[in-house]
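Colleague: Could you walk me through this model and tell me what lies behind the words you use for it?
Modeller: Gladly, let us look at it together.

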Amino acid sequence: MAALALALARAQPLRRGPACLGRPLLREAGGAAARRGAGGSEVLGKSFKRGVVLSAGSFLVYETYRLFSHFAEVHASFKEEVIEQADYLYGSGETEKLYRLLVQHKNSEDAELLWRLARASRDLAQLSSTSTEEKKQLVYEALEYAKKALEKNESNFAAHKWYAICISDVGDYEGIKAKIANAFVIKEHFQKAIELNPKDATSIHLMGIWCYSFAEMPWYQRKIAAMLFATPPTSTYKEALHYFHMAEEADPNFYSKNLLFLGKTYLKLNNKKMALLWLSKAKEYPAHTEEDKQVHKEALELLNSI
């Protein structure tokens, strides 16, 4: 203010007399003050408006984030409920109800739901009440769901496991060439499943089944395989035995069929003592499912033949 007054005093002729003393100074200073006041109000007004806009924007961002967070929580909670219900139905053997529950989520982006749907589709295809035409359709559907699960999450061991199982099923409809070609892919995905979850006894058991199947492949199929592929898939009974024991170590007595195949593999290796041990365990295994009953029957027949 002092500098402004000094500048104005130099610019204006000084009028003497009491009435006019200092009036130009006051008039100019007052005008400047008014202008400054008006300018200050304008700046304050703009700042206030900008503050309101920023506050409103921040509020909208926060609300959007809150809504999305809430939606994500609800979605996660809903997914967990569906999975819990699906696992209960699977454990109860309610195959048709399980399929009806999960097929509603066939367009899901979640690998956990999709591999369960692949499993349910395959299980429904295996039912004796399912027609031949429906079975084929379900087998191919199961493969698509498993493939989608794998695309959504390549780190999901169950997606790899069920993709391998479903490819194997599809091979039954596509001939010996496709079946042998698929064997390489099947082995790769079983091994990946085991790598991702070394404690999953089922994946390990299925790798054992893969080895056993190629160890006992008939000579004519071996000949076809050799003609079609430079290095066809091969395995041995010892390799199969390794995986069956590995599965049993991961989860003892988890599956009647693993006990049966331990006995069958020992028979192939001419070890009757160990074959009797494991076949007896398979025969004594509680028959909860239709498969358990079939295992019990086969184990008894093999025991009687030794």
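**Reading the labels**

Modeller: Asn270 is exposed, as its relative accessible area is 69%.

Colleague: What makes Asn270 exposed?

Modeller: Exposed means over 50% relative accessible area, buried means under 20%, and partly exposed lies in between, with a 1.4 Å probe and protein chains only. Asn270 has 69%, so Asn270 is exposed. Before we go on: this is a predicted model, where local features need pLDDT of at least 70, side-chain atom pairs count only at pLDDT 80 or more, and totals for chains, interfaces and linings use all residues. Residues are numbered from 1 along each chain as its sequence is written, and side-chain values use heavy atoms, with hydrogens and water left out.

Colleague: Where is Asn270, and what is its phi?

Modeller: Asn270 sits in the loop between α11 and α12 (272-284). Its phi is positive, about 60°, although Asn270 is not a glycine. Most residues other than glycine have a negative phi.

Colleague: Why is Asn253 called partly exposed?

Modeller: Its relative accessibility is 42%, which falls between the 20% and 50% limits, so Asn253 counts as partly exposed. Asn253 belongs to the loop between α10 (237-250) and α11 (256-268), and its phi is also positive, near 60°.

Colleague: Why are α7 and α9 called roughly perpendicular?

Modeller: Helix α7 (residues 175-196) and helix α9 (residues 219-228) pack at about 75°, with axes 10 Å apart. Angles of 65 to 115 degrees count as roughly perpendicular, under 35 as roughly parallel, over 145 as roughly antiparallel and the rest as oblique. The pair is therefore roughly perpendicular. In contact (heavy atoms within 4.5 Å) are Ile176, Lys177 and Ile180 of α7 with Gln221, Ile224, Ala225 and Leu228 of α9.

Colleague: How do you know that the buried residues of α3 are on the same side?

Modeller: In helix α3 (residues 95-103), Thr95, Leu98, Tyr99, Leu101 and Leu102 are buried. They cover an arc of only 165° around the axis, which puts them on the same side of α3; the arc is that of the directions from the helix axis to the C-beta atoms.

Colleague: And how much of the protein is buried?

Modeller: Buried residues make up 36% of its 306 residues.

Terms used
Axes are lines fitted to C-alpha atoms, for helices over the stretch in contact, and angles run from 0 to 180 degrees between N-to-C directions. Helices (H or I, at least four residues) and strands (E, at least two) are DSSP runs, numbered from the N terminus.
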